[in-house]
Amino acid sequence: MRSGDRIGGDIKRAELELMTAKAAAVKPAGLTVPQYSALLALSDHPGAPAAELARLCLVTPQTMTTILQNLVAMGLVERTPHQWQRNVLENRLTEAGYAKFREADKGAVAVEQKLADAFTDEERAQLRALLQRCSEVLGSSYRTRD
């Protein structure tokens, strides 16, 4: 297959442009995209443990641990033992974390809105379906390899 016929590069280029735009959008709030993603996940899933946040943010558990340590050091997240499972830490946004998230989210939403506005409702649905098919094809072929 010729390089110009491969769609992987197109997907990677679009992802790179999206992440570059989001990085610029959340930088004024003093956050990186991974930090913003963790705050976004916590805003939707208060108390989520690190492993769940890693799944939601599509990063490894080790990476999420580092992200959370940095967010705790910034005073944006607090970690407390789970009520019944003491070896599990619950993660929650602090008041400062909510404020920082709202600040960064304005920029991130603007990026997402600009992207969404480039497509009709039907095109967005079709694009999502096509990307889902890519994920299914690649995910299943990757998982079956040993």
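Predicted model: local features only at pLDDT ≥ 70, side-chain atom pairs only at ≥ 80, totals over all residues.

Q: What does the C-alpha trace span along its principal axes?
A: The C-alpha trace of the protein spans about 50 × 40 × 25 Å along those axes.

Q: What share of the residues is buried?
A: Of the 146 residues in the protein, 25% are buried, where buried stands for a relative accessible area under 20%.

Q: And what part of the contacts comes from residues 24 or more positions apart?
A: Taking the contacts with a separation of 6 or more, 54% of them are between residues 24 or more positions apart.

Q: Switching topic, how many charged side chains are there, positive and negative?
A: There are 19 positive and 18 negative side chains, and the centres of these two sets lie 5 Å apart.

Q: What about pockets, what is the volume of the largest one?
A: The largest pocket has a volume of about 1,600 Å³. Its lining is made up of 35 residues, and those closest to the centre of the pocket are Leu 18, Met 19, Lys 22, Glu 112 and Leu 115.

Q: Which helices supply that lining, and which gives the most?
A: At least two lining residues come from each of α1 (8–26), α2 (33–44), α3 (50–57), α5 (95–117) and α6 (121–143). The helix that gives the most is α5, with nine residues.

Q: Let's look at single residues. What stands out about the phi of Leu 58?
A: Leu 58 has a positive phi of about 60°, although it is not a glycine. As background, most residues other than glycine have a negative phi.

Q: Where is Leu 58, and is it buried or exposed?
A: Leu 58 is found in the loop between α3 and α4 (61–73). Leu 58 counts as exposed because its relative accessible area is 77%, and the cut-off for exposed is over 50%.

Q: And Cys 57, where does that one sit, and is it buried or exposed?
A: Cys 57 is found in helix α3, and with a relative accessible area of 16% it is buried. Leaving aside residues up to four places away in sequence, Cys 57 touches Ser 37, Ala 38, Ala 41 and Met 64. The C-alpha atoms of Cys 57 and Ala 73, which are 16 residues apart along the chain, are separated by 20 Å.

Q: Moving on to the strands, what does Leu 93 touch?
A: Leu 93 lies in strand β2, and, not counting residues up to four places away in sequence, it touches Leu 39, Leu 42, Ser 43, Leu 76, Val 77 and Tyr 98. Leu 93 counts as buried because its relative accessibility is 8%.

Q: Last one, what can you tell me about His 82?
A: His 82 lies in the loop between β1 (77–81) and β2 (89–93), and at 17% relative accessibility it counts as buried. With residues up to four places away in sequence set aside, His 82 touches Val 88 and Glu 90. The C-alpha atoms of His 82 and Pro 49 are separated by 8.8 Å, and these two are 33 residues apart along the chain.

How values were computed: Residues numbered from 1 in each chain as written. Heavy atoms only, no water. Buried < 20%, exposed > 50% of the residue type's maximum accessible area, 1.4 Å probe, protein only. Contact = heavy atoms within 4.5 Å. Lys, Arg positive; Asp, Glu negative; His and termini not counted. Charge placed at Lys NZ, Arg CZ, Asp CG, Glu CD. 1 Å grid on protein atoms, 1.4 Å probe; cavity = no way out; pocket = protein on both sides within 12 Å on 5 of 7 lines; lining within 4 Å. Points joined across faces, edges and corners; volume = space filled by probe spheres on them. Helix = DSSP H or I, 4+ residues; strand = E, 2+ residues; numbered from the N terminus.
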